[in-house]
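I opened the notebook for this chain today. My plan is to go from the overall layout to single residues.

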Amino acid sequence: MMRPQGFTLIEIIVALSVFAILGSIAFTGLNTVLNAQSALAEKNQHIVELQLSFKYMERDLKQALARTIRDQYGDFQPMFSSDGDQIMAFTYSGVRNPAQQARSAMQRVAYQFESDQLVRHNWNQLDGATEVNARELVLINDLEYLEWQFLNHDNDWINQWPPINLEPTAASLPRAVMLTVNSPSPGDIARIFTLPQ
């Protein structure tokens with residue numbers, strides 16, 4: 001007598017159990033790969049932000065000018081100023097003017113640490129500029145802290161500019177600026193930018 005063709009209930013249960021185990025292993029592996037890819041993309045995005053920020057700063061600082069400005073009240077402000085951990089402001093040249101408009105090739109720029117972001121502000125006018133007419137660009141997100149240091153003419157690194165012992169209008173440009181940032185993914189990163197002398 002011939003046995004009928006087909007699978008028994010036990011064979012089907014064993015096959016489904018093996019398939020479930022293999023599916024679970026495959027899902028866990030795929031989930032691990034997707035999580036790693038997401039974390040890597042986030043780190044890459046942060047590195048791109050850092051590189052772009054350093055490029056902006058390098059370009060601006062290489063064209064820094066020893067030119068004081070007047071604020072909206074007519075008072076003289078230093079040509080280059082920073083408190084060391086919140087804001088760095090200065091005047092730079094070389095601003096493109098492809099439309100040949102009647103305006104200066106100089107601009108005022110400030111890099112400011114706000115909340116957990118590094119923001120670049122710039123103004124077309126040098127004197128009498130206010131917060132209202134500033135253009136803003138967020139350069140870096142998710143920063144733990146930020147610090148600027150300045151190389152003075154005695155080759156000492158100091159934490160603010162102009163130096164405490166100088167009148168703001170008498171101070172010149174620092175010789176170099178060192179930026180240190182800390183963020184969750186790469187940790188501490190320091191970069192030195194030289195200024196024209």
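**Surface.** I took accessible areas from the Shrake-Rupley method with a 1.4 Å probe; for residues, only the protein chains shown count as cover. On that basis the accessible surface of the chain comes to about 12,500 Å². Carbon and sulfur atoms hold 57% of that surface.

**Ground rules.** This is a predicted model, so I noted that local features need pLDDT of at least 70 and side-chain atom pairs count only at pLDDT 80 or more, while totals for chains, interfaces and linings use all residues. Residues are numbered from 1 along each chain as its sequence is written, and side-chain values use heavy atoms, with hydrogens and water left out.

**Layout.** I listed helices (H or I, at least four residues) and strands (E, at least two) as DSSP runs, numbered from the N terminus. The chain has one helix and twelve strands. The order from the N terminus is α-β-β-β-β-β-β-β-β-β-β-β-β. For burial I used relative accessible area: buried is under 20%, exposed is over 50%, and partly exposed is in between (1.4 Å probe, protein chains only). Of the 197 residues, 32% count as buried. I then looked at contacts, meaning heavy atoms within 4.5 Å. Among those between residues at least 6 apart in sequence, 52% join residues at least 24 apart.

**Nonpolar patch.** I searched for patches, which are made of residues with over 30% relative accessible area and no salt bridge; like charges are joined within 9 Å, and nonpolar side chains (Val, Leu, Ile, Met, Phe, Trp, Tyr) within 5 Å. Ile10, Val14, Val18, Ile21, Leu22 and Ile25 make a nonpolar patch of about 610 Å². I checked Ile25, which is found in helix H1 (residues 9-62). Ile25 counts as exposed because its relative accessibility is 56%.

**Salt bridges.** My criterion was a side-chain nitrogen of Lys or Arg within 4 Å of a carboxyl oxygen of Asp or Glu. Side chains of opposite charge can pair when their charged atoms come close. The structure holds four such bridges.

I started with Lys62 and Glu58, whose closest N and O atoms are 4.0 Å apart. The two are four residues apart in helix H1, so about one helical turn separates them. Glu58 is partly exposed at 29% relative accessibility.

Arg59 and Asp60 meet through their side chains at 3.1 Å, N to O.

Separately, salt bridges that share partners join Glu58, Lys62 and Arg191 into one network.

**Core.** A nonpolar core is a set of buried Ala, Val, Leu, Ile, Met, Phe, Trp, Tyr and Cys residues joined through side-chain atoms within 4.5 Å. The largest one has 27 residues. Leu61, Phe80, Met88, Phe90, Tyr111, Leu118 and Trp148 touch the most other members. At least two residues each come from H1, strand E5 (87-92), strand E6 (107-114), strand E8 (135-140), strand E9 (145-151) and strand E11 (176-183). Which element gives the most? H1 does, with four residues.

Not counting residues up to four places away in sequence, its contacts include Asp60, Leu61, Phe80 and Tyr111.

I also looked at Leu50, found in helix H1. Leu50 is buried at 4% relative accessibility.

**Strand E7.** Here I needed polar contacts: pairs of N or O atoms within 3.5 Å; within protein, one must be able to donate a hydrogen and the other to accept it, and residues adjacent in sequence count only if both atoms are side-chain atoms.

His121 lies in E7 and is buried at 2%. Its side chain makes a polar contact of 3.2 Å with the side chain of Gln112. Asn122 is also found in E7 and is buried at 8%. The side chain of Asn122 makes a polar contact with that of Gln107 at 2.9 Å. Beyond four places in sequence, Asn122 is in contact with residues including Arg108, Asn133 and Arg135.
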